[in-house]
Amino acid sequence: MVSVLTAEPLDRFLDYKAPEGGVWDGAFVRVPLGPRKVIGVVWGPGAGDYDYAKIRPVGAVLDVPPMAEDMRQFLVRAAEYTLTPMAAMLRLATRVPDLGAPPGLRKILRRGLGEPERMTPARERVLEVLEAGDGFAPGELSTLAGVSSSVISGLEKLGVVDRVTAPRDAPFERLDPDLPSKDLNVDQLAAAKALREAVRSRRYGTVLLKGVTGSGKTEVYLEAVAEALRSGRQALVLLPEIALTGAFLERVEARFGARPAEWHSGVTQADRRRCWRGVATGEARLVVGARSALFLPFRELGLIVVDEEHDTSYKQEDGVLYHARDMAVLRASMTSASVVLASATPALESWANARAGKYARLDLAERFGVAELPEMAAIDMREDRPERGRWVSSALKGATFQRLQAGEQVLWFLNRRGYAPVTQCRACGHQIGCKECDARLVEHRFQKKLMCHQCGAERGVPEACPDCGKEGMLAAIGPGVERLAEEAAALFPEARIEILSSDQTESARALKARIEAIAEGSADIIIGTQIVAKGHNFPKLTLVGVIDADLGLQGGDLRAAERTFQLVRQVAGRAGRAERRGRALIQSYAPEHPVIQAILSGEEEAFWEAEAASREEAGAPPFGRMAGVIVSGPDEQIVTDVARQLARTCAGVVQLGAQVFGPAPAQIARIRGRYRYRLLVKAPKGRVLQPALAAWRAGVKLPANCRVTLDIDPQSFF
């Protein structure tokens, strides 16, 4: 009899009779659950506390490598830390199609030798998709190209598309770690040597690789990847943004002679399956992926790199709440692997761990090659005010004109999607909000709709005010990137303008293609949100204008200063990454603010010291522990009652020396029709909160449709 964990929401292990010939721990099996057959993992011997005669047998043992012991223990430890049911953790580790299907052949579509008699937009989209990949299932090609099957059938008849038989899981090409790397400078050589030695030691250790933007951090940690490959171990590189993978994969291919495996939402289902199996068998030696790649079944993981480790997207904010940076450290510690945390502006947690000696630290203080750090300057918007309805100062306009005249690229940065954040009636003052959330609808004028950035709800832009009914009185309040692009077009009518924002493209593939085109010079002025701050390299970009540097300092967030510092420094670092020196102009209504001054001066260590002292005095992370408690449900009164009951029964948590604040409505109190109340637990550093939090939550009987979510180490408080 064996104990099996399934990914079904049961939150317990189930006993099954072992099949003939037995079964081993970690084996993937198909087992009956009610009328269905589901996939599970053998976790050990059965509990034996159920009538043996009623126990059903394991249906089949799947022909895939078993889940390794260290992987199972990682899931257990991650579940305990994040207070997540084991079934949900297993779902993260088995998010792959056709896991139990045997290897075989499949029919795929590839680019043929023929050419279309006439080109249509639909046919052009099909060709773009085909040329970007190595074969697609027919239905997948239709979906990615946004065309009907008849369009593809027509191209098949013309020989433009070929239907071929291919292995279900094509093998991965060998990566050669001994191919020559780029010439490294003295600092890079020293850092690369230290990382190689860390990987060679086969002992756990975390290194903070801190280097200014453009200092060649990637080339340095690729040397650590090479060492892992030489030693026969696997490596994982995490990136914060799918759009970064295209350029990064080209660098990997140039360094190792082949492309690595990919794992993120932009890859096809077939490639996800191929990657999962390749990692499980050990054939895929290097994986480049998003945060969920941490839950792939590596056979012998020797290195994890978390690139741009400060990035907020590494925190999963729904479903299983975890931080990929912390889980990377946990996973590496269980496999005697090395971790490299790479950033120009590290998270305060990582900086403090390096200062305390928990992490090693390597610094790259100079840009790679001939590139120089950009010149930084502030524009005081109290003195250089734009005219009403405009957002760009005369100083930034003048600097932009000069760079365009020189044939260079300019980036205007504003971390606000859409056209305008608020649409208000000038007659009655009504602001158009979302029906399902306590949030204002954001106008996206290019798409002719209003959109909720919380739940994704959309509606057309009305002609009349929904409240008072008057027509022609709705006005856009405040700027978004679309409105900024409109201003840029009015100021520079000859300039080619591109908007880079996560909601401007239909797919990750299209976004990557646009970024590559911009890097080659297809745009003169780039208008972008924070997506442009994430490691992109635009060789012709020499001027960055930060439109509203004060935006991130509003709202009283615990990490507001840190995030503003990181974001503005990162986006400023996009300027002057080639031969021509760049310049960054920061528009601010409070240029004397300590954060703005720290950005301008470049005194990063002084900023971190001051920020650390402030957090330590307040007992805030990383010098204290926090946990968020979110009560949600469709009935506001029930949610309020449960939140208050939690506040009355928190004695077990308080006994640990913790403080409990709240309850209070969340900053956005209703999302997707569910009301949300929050409590915040704050405890001294070193206190283990999880058992007390679990007991606290279990002690409250929840009404139907009401949910209590525990967020260990919360990164946001909305």
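**Nonpolar cores**

Which residues have the most contacts inside the largest nonpolar core? In this predicted model, they are Leu75 and Phe295, and the core to which they belong has 56 residues. Leaving aside residues up to four places away in sequence, Phe295 touches Met71, Phe74, Leu75, Met89, Leu92, Ala93, Tyr322 and Arg331. Another core, of 36 residues, lies apart from the largest one and includes Val571, Ala575, Ile586 and Trp608.

In soluble globular proteins, nonpolar side chains tend to be buried together.

**Cysteines**

How many disulfides does the structure hold? The number is zero. Cys455 is in no disulfide, and the nearest cysteine sulfur, in Cys437, is 3.6 Å away.

Cys465 is buried, with a relative accessible area of 3%. The closest cysteine sulfur to that of Cys465 belongs to Cys428; because the two are 3.7 Å apart, they are too far for a bond, the cut-off being 2.5 Å.

**Cavities**

The structure holds three cavities of 30 Å³ or more. By class, the lining of the largest cavity has seven charged, five polar and one nonpolar residues.

The second largest cavity has a volume of about 60 Å³. Among the residues that line it are Tyr81, Thr82, Tyr322, Asp326 and Met327. Helix H1 (69-82) and helix H10 (324-335) are the elements that give two or more residues to this lining. By class, the lining of the second largest cavity has five nonpolar, two polar and three charged residues.

Terms used. Residues are numbered from 1 along each chain as its sequence is written. This is a predicted model: local features need pLDDT of at least 70, side-chain atom pairs count only at pLDDT 80 or more; totals for chains, interfaces and linings use all residues. Side-chain values use heavy atoms; hydrogens and water are left out. A nonpolar core is a set of buried Ala, Val, Leu, Ile, Met, Phe, Trp, Tyr and Cys residues joined through side-chain atoms within 4.5 Å. Buried means under 20% relative accessible area, exposed over 50%, partly exposed in between (1.4 Å probe, protein chains only). Contact means heavy atoms within 4.5 Å. On a 1 Å grid over the protein atoms alone, a cavity is a set of points where a 1.4 Å probe fits but cannot get out, and a pocket is an open set with protein on both sides within 12 Å along at least five of seven lines; lining residues have an atom within 4 Å of a point. Grid points are joined across faces, edges and corners, and a volume is the space filled by probe spheres set on the points. Ala, Val, Leu, Ile, Met, Phe, Trp, Tyr, Cys and Pro count as nonpolar, Asp, Glu, Lys and Arg as charged, and the others, Gly among them, as polar. Helices (H or I, at least four residues) and strands (E, at least two) are DSSP runs, numbered from the N terminus.
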